Amino acid sequence: MCGIVGYIGKRDVAPLLLEGLQRLEYRGYDSAGIVVTSPKTAGLKMVKAKGRVRDLEAKVPARFKGTTGIAHTRWATHGAPSDVNAHPHMSADNKVAVVHNGIIDNASELRRKLEADGVEFLSETDTEVLTHLIARSQAETLEEKVRQALRIVEGTYGIAVMHADFADRIVVARNGSPVVLGIGEKEMFVASDIAALVTHTRQIVTLDDGEMATLKADDFRTYTTEGTRTTAEPTTVEWEAASYDMGGHDTYMHKEIHEQADAVDRVLRGRIDDRFSTVRLGGLNLDAREARQIRRVKILGCGTSYHAGMIGAQMIEELARIPADAEPASEFRYRNAVVDPDTLYVAVSQSGETYDVLAAVQELKRKGARVLGVVNVVGSAIAREADGGIYVHAGPEVCVVSTKCFTNTTVAFALLALHLGRTRDLSVRDGKRIIEGLRKLPGQISEIMKQEEEIKKLAGQFTEARSMLFIGRVRGYPVAREASLKLKEVSYIHAEAYPASELKHGPLALIEPALPTVAIVPDDDLLEKNRAALEEIKARSGRILAVAHQEQEKADQTIVVPKNEDELDPILMGIPLQLLAYHTALALGRDIDKPRNLAKSVTVE
């Protein structure tokens, strides 16, 4: 949540920081702010604004010059969106400025103590506590002032700090919220996401939890919060700046939906092993003997990643015949789960920084579990913490709601399921069958995209709906879960997903013409069971949109999806419903890339 960008060098900093905030706005967009200085300027200059980055840009004066600065775009946690609650937060003497992602858990306690000492707070935020702690420190260096403050606070943070008396540096720190350094030519950058950096440099350093850094124009150094020097080896970012452009589309969501055929081709590329009818996943760090010792697979994710994990668990059970299930990481980490040494744990996160998933990984590692990561961002925290894993290679996903990353994650799970299956009892014939199905996916996704105009017309029929029901059985149920999430995220229409088999146990009471039902009806061994559910709905005058492999007689409309192997069908069946959600939201005039109250990378609880 929230976006941080900072720069120190020789360039005029304000335009550079505002551009970085635009690229990070998907991480939070209820207010924004910027502070700048330079060795030739006395003190810090700050501008803040409620609203989008464009509202901040309109307030920045023409003569707002500096060569060092930090900026922030906010997703509110403590205090409503407002000018005063926007970051950066400045100390009373206007010498210290702080931007912060995360949550200070003991902020209320620290605030009371500071107020008792005479400190006056201007905002409702937890971050202002940190600002005053740094400003009141008697330490001689900025680094030590920040360290002293961080020893007192409890919680998560990614911070960048400027001080008027130390205008030649920016000090940053990380604990549970990403901080990435960008290395330029006699200039340095910092951000919470590489999206803000790739226009200027592809050489990055990712801080670990408990690590700090000092940035100067021609140098940087990293060290722990205790002051011990650390060694930071820069890596090269594989994504280019053009990857973050809209590419002729009106929204990032539309672009990313249409990128899925190419994205799936990327996640498959170089991984299929035709000789042995399996796949090559060297990054798992799991040999055949270890794979055969696995007795259970537990998949942990949040939101869309959790739904991808549900599909993944079914594929693992079907192809590898290993008991598998998916669970929200946010629940798992608090229920004191039994950690079994024969269980393989798989952590799923698009950003690789999702706080609840990362915390679950750290707890599992503490208890000696083997953990794999399925993530999109190379070098992210979960990728570094896990014993091994799979990069899904979806490319940058800027829209807050996930589409192509969800699809690529489900394909990555198909690869994992095939790999585990072929180390156990899955036959060569079935291995070949699944490989042939995987190779068909990009072409079949392209076929679905050709139906967009028809899906757009269908979407117009649902703009008046106040609520919608999504149903499916077994393979179709996770698809229904994800489709209902997409609709509610981007259109704000209430939607609920339910197993089709459970209709008669309560939800049939809701069926009426005003409640449309979207039914996932794959052509598999449960086809007749699913058709029976459609009969139940029609008998009660319900409207039905089916997503199926053939026209459904009892449905009012059917979106026909190309047939693949039964195990792989869920990968395709959700894609037309991404388009349905998109066009429903478009017809309603929603802010599609930045839905209200949401942000892309959830790095707080």
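Helix α9 crosses helix α13 in a right-handed sense, right-handed meaning that the near helix is turned clockwise from the far one by less than a right angle, and left-handed anticlockwise. This is a predicted model, in which local features need pLDDT of at least 70 and side-chain atom pairs count only at pLDDT 80 or more, while totals for chains, interfaces and linings use all residues. Residues are numbered from 1 along each chain as its sequence is written, and side-chain values use heavy atoms, with hydrogens and water left out.

Helices here are DSSP runs of H or I with at least four residues, strands are runs of E with at least two, and both are numbered from the N terminus. α9 covers residues 304-320 and α13 covers 404-422; their axes come within 8 Å and cross at roughly 25°. Because of that angle, α9 counts as roughly parallel to α13. On the cut-offs, under 35 degrees is roughly parallel, over 145 roughly antiparallel, 65 to 115 roughly perpendicular, and the rest oblique. The axes are lines fitted to C-alpha atoms, for helices over the stretch in contact, and angles run from 0 to 180 degrees between N-to-C directions.

Which residues of α9 and α13 meet? From α9 they include His 307, Ile 311, Met 315 and Leu 319, and from α13 they include Phe 406, Phe 413, Leu 416 and Leu 420. Contact means heavy atoms within 4.5 Å. By class, this contact of α9 with α13 has 13 nonpolar, seven polar and no charged residues. Nonpolar covers Ala, Val, Leu, Ile, Met, Phe, Trp, Tyr, Cys and Pro; charged covers Asp, Glu, Lys and Arg; the others, Gly among them, are polar.

Phe 406 turns up again, in the lining of the second largest cavity, alongside Val 479, Glu 482, Ala 483, Lys 486, Gly 574, Leu 577 and Gln 578. A cavity is a set of points, on a 1 Å grid over the protein atoms alone, where a 1.4 Å probe fits but cannot get out, and lining residues have an atom within 4 Å of a point. Helix α16 (476-491) and helix α19 (575-587) each supply at least two lining residues, and α16 gives the largest share, four. The lining has four nonpolar, two polar and two charged residues.

α19 also packs on α14 (residues 428-449), at about 35° with the axes 9 Å apart. Ile 445, Ile 448 and Met 449 of α14 touch Ile 575, Pro 576 and Leu 579 of α19. That contact has six nonpolar, no polar and no charged residues.

On to α7 (residues 260-268): its axis comes within 8 Å of that of α14, crossing at roughly 170°. α7 is therefore roughly antiparallel to α14. Ile 445 and Met 449 of α14 are among the residues in this contact, as are Val 264 and Leu 268 of α7.

Two backbone points remain. His 87 and Pro 88 are joined by a cis peptide bond, with omega about 0°, and Pro 88 lies in the loop between β4 (68-74) and β5 (89-90). Ser 277, not a glycine, has a positive phi of about 55°.

Conventions: On a 1 Å grid over the protein atoms alone, a cavity is a set of points where a 1.4 Å probe fits but cannot get out, and a pocket is an open set with protein on both sides within 12 Å along at least five of seven lines; lining residues have an atom within 4 Å of a point.
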